Amino acid sequence: MAPVRVRKPPRIGPRAGPGRDTRQSAVLSREARRLLPGGVSSPVRAYEPYPRFMARGHGPYLEDVDGNRYVDLCLAFGPLLLGHAHPAVREAIRDRASRGTLFGTPVEEEIIMARMLTRHHPSMERVRFVSTGGEAVSSILRLARAHTGRPAVVKMDGGFHGSLDQLLVQAGSGAAAQPSSAGVLPNPATPTYVVPYNDPDALSECLSMHPDVGLVLLEPVLGNMGLILPRKGYLREVARLTRAAGALLAFDEIITGYRLGLGGAEEFYGVRPDLLALGKVLGGGLPLAAYGGRKEILQRVAPEGPVYQAGTYSGNPLSLAAGCATLRVLEKEGTSRADSATAAIVKGMREELERRGIPGQVSHLANMFSLFFSATPVQDAECARRAAREPFQVLSRRLLEGGVYLAQSPFETSFLSTAHGHRECEFVVDAFRDALRHLPQGH
Ligand SMILES: Cc1ncc(COP(=O)(O)O)c(C=O)c1O
């Protein structure tokens, strides 16, 4: 495959405005649908009439195979906190690749990154590297069962943790529209109980009814039903209830890790979980995830303990090199550029909604945001499901036509990077203003 060419930043915006030429994407999509289910390798990438096939990324921009350029607010569903093809990450990948990419042995980069993670995240006394977020979470489930001797897990309605059988019930992201995936057994030996997010009373009741719960697992900020923030004191109360019930608390920080600063939600909200999963930003655009936690729990993982978990690509040197380079940049520069760009876009969007009298909620935290067409604040998955979907579909399609790439689903969060600047923010707000004009009557 040809490498991404390093070019000067492209001119943003469409070449031809709405109705831009996307013929190459159409042709590729037809062929992809013949070969791949739905023409994609992951369902959230599919949308009608066909998804844009991307050819290259540079900083905050994407360019498709027809040469159309977009300000990217999806960033591969979150990982690219430094933007596309950041020079430090490119250099680290090039350097590592020239010396070999996979050995099936320990490598020094594991120690370098584990030192960073244990420094950033007080809950991570020991770390195990894996390749995907789903793998990190499924390992946490097994470990928690082994540690507590209890089989059941509590998850939040709308929480998404990867394609694991046990957690594909009332899940967010691409699974948000269905109660549970086909093929998932209704009564597995390891039950999953689902409670609403932001509702400590429901959690308390669930824990008192089910003493078989060994693990309470949640995204501390719900990021797969759009963006839903925890109410004040909610996470602290979740931690208290979980511990009182003798269960373990795991934070899935695969989205929030590094987007809420070096210490993630654990530091941001001052609540320490027993187990923690990281992914996305961690690999700097390459597949890498990690789980960790208290030493006495992680000591149960093979070969130190009896909980088996292994992977050919686990801790692969190329991903670790890209990830370490990313974390070094973040340690030095932080995320303030991404945070201010997000604040500027969110401010612009709120003003436009208000000016037109459109009932919309722009949910916002650090460098993430999402838009709900709802007259009232969205505090849990049920509110998110009730928000109007049709105007979102029209809006996201118009934004795409106008040169702003965001996930074409109201259940995905939008992300910014440290490469987004003033110019891109203005462009996005202008495109948003224009897109609002095309909303169906009544909005
Ligand atoms: C919060 C959360 N956890 C876990 C996952 C699964 O990660 P991966 O896609 O790397 O398996 C995702 C993916 O979007 C996620 O958003």
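Student: Which residue in strand 9 is the bridge partner of Asp252?
Tutor: Ala277. Keep in mind that this is a predicted model.

Student: What makes strand 8 and strand 9 a pair?
Tutor: Pairing needs at least two bridges. Three bridges join strand 8 (residues 248-252) to strand 9 (residues 275-278). So they pair, and they run parallel.

Student: In what order do the strands of the sheet come?
Tutor: The order is 4-10-9-8-7-5-6, seven strands in an open sheet with mixed pairing.

Student: Why are strand 4 and strand 6 called edge strands?
Tutor: Strand 4 (126-130) and strand 6 (192-195) each pair on one side only. Neighbouring strands of this sheet are turned by 20° against each other on average, direction ignored.

Student: Which strands does helix 3 touch?
Tutor: Helix 3 (residues 108-120) packs on the sheet against strand 4 and strand 10 (289-293). Its direction makes about 125° with that of strand 4.

Student: Why is helix 2 called roughly antiparallel to helix 9?
Tutor: Helix 2 (residues 87-98) and helix 9 (residues 317-333) pack at an angle of about 150°. The cut-off is over 145 degrees, so helix 2 counts as roughly antiparallel to helix 9. Their axes are 8 Å apart, and the crossing is right-handed.

Student: What is the make-up of the contact of helix 2 with helix 9?
Tutor: Its residues divide into 12 nonpolar, one polar and one charged. Arg96 in helix 2 and Thr326 in helix 9 are among them.

Conventions: Residues are numbered from 1 along each chain as its sequence is written. This is a predicted model: local features need pLDDT of at least 70, side-chain atom pairs count only at pLDDT 80 or more; totals for chains, interfaces and linings use all residues. Axes are lines fitted to C-alpha atoms, for helices over the stretch in contact, and angles run from 0 to 180 degrees between N-to-C directions. Helices (H or I, at least four residues) and strands (E, at least two) are DSSP runs, numbered from the N terminus. Angles under 35 degrees count as roughly parallel, over 145 as roughly antiparallel, 65 to 115 as roughly perpendicular and the rest as oblique. A crossing is left-handed if the near helix is turned anticlockwise from the far one by less than a right angle, and right-handed if clockwise. Two residues are in contact if their C-beta atoms, placed from the backbone, lie within 7 Å. Ala, Val, Leu, Ile, Met, Phe, Trp, Tyr, Cys and Pro count as nonpolar, Asp, Glu, Lys and Arg as charged, and the others, Gly among them, as polar.
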